[in-house]
Amino acid sequence: MKRTAAGQSFIICATSSLIFIVATLYASGPGAAKSANAQNSALTTFTRDIAPIVFRSCAPCHHPGEAGPFSLVTYGDAKSHARQIADVTRKRLMPPWLPSADGLLFAEDVHLSEQDIAQFQKWLDDGLREGDLADLPPVPKFSSTWQLGQPDLVLHAAAPYTIPASGSDVYWNFIFRSPLHSSRFIKAIEIHPGDKRLVHHANLLVDRTQSARRQEESPGSGFASMELQIESESFDPDGHFLFWKPGSPPIVEPPGLALRLDPENDLVLNTHLQPSGKPESVQPTIGIYFTNEPATRFPVLLQIENDRALNIPAGDSNFIVSDAFTLPENVQLLALYPHAHYLCRDMLATARLPDGTEKTLIHIPRWDLNWQAVFRLAQSEPLPRGTTIVMRYRYDNSSDNIANPNNPPQRVTAGNRAVDEMAHLWLQVLPDPQPGQQRDPRMVLQESLARHHIENNPTDFEAHYNLAAMLQARGASDEAVLHYQSALELRPGDAVVENALGAALLSSGKIPGAIKHLSVATAVRPDYFDAHYNLGIALATAEEFARAAQEFAAAAKLKPEDSGAEANLGAAFAELGQNEQAIAHFRRALQLDPKNQLARENLDALQKAP
Amino acid sequence: MFQPRQSRTEQTHRSALSVTLSVLIVVCAIVAHARPRFPQKSMAENLHGKPLDPFAVSANRVVVLLFVRTDCPISNRYAPLLQKLSEEFRGRAVFWLVYPDRAETASQIKTHLQDYHYSIAALRDTDHALVRRAQATTTPEAAVFDSSGLLLYHGRIDNWYEDFGRSRPAATTHELTDAIASAIAGKPIHPDHANAVGCYISDLK
């Protein structure tokens, strides 16, 4: 019996140290008292040596109501977990901090120094003394409500989600409907994910087109999915990370930076939940803080990735995926968000500067998805145009990787499920444009990145779609059409692409093609307002006014508050000579929006007509 | 006069050493008998505060002790599995939940049983008599005894957890289930110990 042997040697050890102490007292004689005193002051105590570390590095998560499974705010708390603390700090499992010291300095760096770790061990060895109460630093105070004060707007998830008692981790998405009537700028968002012991992390995304709602079984029900894909039909990079992890304070954007929230926008909270052993209910809340200062500086999120290279044979413990992207603009690096799933072991991101120097941005030698985070730089890092960002991730698909979701290991490729992999590195950068520069530097960055993604992976649907959208936005409709067509080949019949391609063809004057693709979009998704509206325009351009009127009527029915659909419907009736109906719709359009130019001019013309 | 004093000192010293040696031998003898060959008393307390020896009331059946804590997250995550095992082996092995934290009151434990849907009988092991008998060091940890009260297996439930915060998506070895099945079948259990991951019982004072 192994345990017996260990127990035996422990007891012998204790006995021989007893002999040693007796012998020391014998030998030291009158000097003994003095020497014991000197030893006392060197003994580690809670109040003097341990509390400063615990209050700073443990208590922010380990206090009542927070994510830590037990509190570490008093002597008793620390004492009753002393061996565990010494163990997890020595193994650097706690506090959870993934980056090693060879990268940039991050704002929330919680890693402990070697001295701190040694103190916990010494405290244990010295007998877990409390020490002099006069030495105790001030006990930290934690807010149990909103850390930034009462928010301007509080949104609750429509329905709670019940985590089963056992089973694998759950990824659940909650949709918050924005009640705004006009656009506002957001300075900070405080995420209250619900019971923090259950939520590993949460990521909030702005959904400008309510695209995530289609994944809900019923409105407000939420939906399962590890990765979130938010559609955007226009070039509108949000440029902000809205990330929550245990213990992290809400971020207040620096001056000039703010996130725009429009009416009808949704906020989608992607949560990583862990079963606790009993059924648990989670219903997140978010607090929004507005600012009256509109954003003047616009950061952008750049996603460097090479998912296509992910094709990891079963058993391969050293599979490398890399990518390199050269910045076409001067930028300030603000934050990094490396992302992969369970097979990734080591992540390295470096910057090769134009002068040839190389700098480690972030190195995560022991990746653990459970502690993924957005790493904000303590100080922004300038990266001049021509800097190459290099990512190099190592994956272990052997059974030695205990996080391997497959047992026995299986070949793994890229995908959104927990059993799939990813190789992503997100960078939040603030463009530093050259004086006199014409084009939006964000657009230059994103266009260059989309082209890079297509080079890496000609079957990258998002890259084709995004590039096309950007080209369309800057008037390069012909090239936009090519990339929309590539996207459509990758996802035939996708209503969003059919609509976008139709709109691009429409604006390059290719009407029959536009009608064809827009008709597919409306057939695939009969409740697609934009597609009906665009089809109406295309049909009207082709002078098919009766069919155009039908499409505008369908659009107006889907969005009764849209004055454009009403005005166009009126125009189609006017073209058909049905003036009474035309006038009624123009009036309705003007009721909805008194400034609607089309309705005003047409109504005036009709009323002046004999 | 000087000479005899020195010799007396030496005499005293030698006898002190011999006392220490004899203590050492006694300790070793106890350790060698860590596997009790005859019934021994292992008093714990039920949730009504009454002394209870689980071995006395589970006579002639395999006994499974499950060391847990109300505030230990790893131990809590095992609750559905432990409950399921107790149902699977019902009638063939007697399961006991053992709460070794003296600070956890009977009413806290009752709430914990309800919250985690446990129907396994619970004991407060305030004197750590069961901890010692099962050689338990951690929560969660299991110990399996044969019908004569002989310790056959103690340690982890399975290999779900590798370390704090580092777990497999699902366990790939099932030490406790195997140990109970072997104990019921009267087969030997190898290995008879595997380190458990969780909260240290020695941190409880």
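In this predicted model, helix α9 (residues 477-490) of chain A and helix α10 (residues 495-507) of chain A have axes that come within 9 Å and cross at roughly 160 degrees. Because angles over 145 degrees count as roughly antiparallel, α9(A) and α10(A) are therefore roughly antiparallel to each other, and α9(A) passes α10(A) in a left-handed crossing. On the side of α9(A), the residues making the contact include Ala480(A), Val481(A), Tyr484(A) and Leu488(A), while α10(A) contributes, among others, Val497(A), Leu501(A), Ala504(A) and Leu505(A). Sorted by class, this contact of α9(A) with α10(A) has ten nonpolar, three polar and one charged residues.

The domain assignment of chain A gives the bounds listed here.

| Domain of chain A | Bounds |
|---|---|
| domain 1 | residues 24-135 |
| domain 2 | residues 153-298 |
| domain 3 | residues 299-439 |

Where domain 1 of chain A touches domain 2 of chain A, the contact takes six residues from domain 1 and five residues from domain 2. The domain 1 side of this contact has four nonpolar, no polar and two charged residues.

As to confidence, the predictor gives the complex an ipTM of 0.75 and a pTM of 0.81. Chain B has a mean pLDDT of 82, and 80% of its residues reach 70 or more. Within chain B, confidence is highest in strand β3 (residues 62-67), at a mean of 98, and lowest in helix α1 (residues 2-32), at 34. Over residues 1-39 of chain B the pLDDT is below 50, and this stretch has 19 contacts in the model beyond near neighbours in sequence.

Note on methods:
Residues are numbered from 1 along each chain as its sequence is written. Chains are lettered from A and ligands numbered from 1 in the order in which they are written. This is a predicted model: local features need pLDDT of at least 70, side-chain atom pairs count only at pLDDT 80 or more; totals for chains, interfaces and linings use all residues. Domain bounds come from an automatic or database domain assignment. Two residues are in contact if their C-beta atoms, placed from the backbone, lie within 7 Å. Ala, Val, Leu, Ile, Met, Phe, Trp, Tyr, Cys and Pro count as nonpolar, Asp, Glu, Lys and Arg as charged, and the others, Gly among them, as polar. Axes are lines fitted to C-alpha atoms, for helices over the stretch in contact, and angles run from 0 to 180 degrees between N-to-C directions. Helices (H or I, at least four residues) and strands (E, at least two) are DSSP runs, numbered from the N terminus. Angles under 35 degrees count as roughly parallel, over 145 as roughly antiparallel, 65 to 115 as roughly perpendicular and the rest as oblique. A crossing is left-handed if the near helix is turned anticlockwise from the far one by less than a right angle, and right-handed if clockwise. pLDDT is the predictor's confidence in each residue, from 0 to 100.
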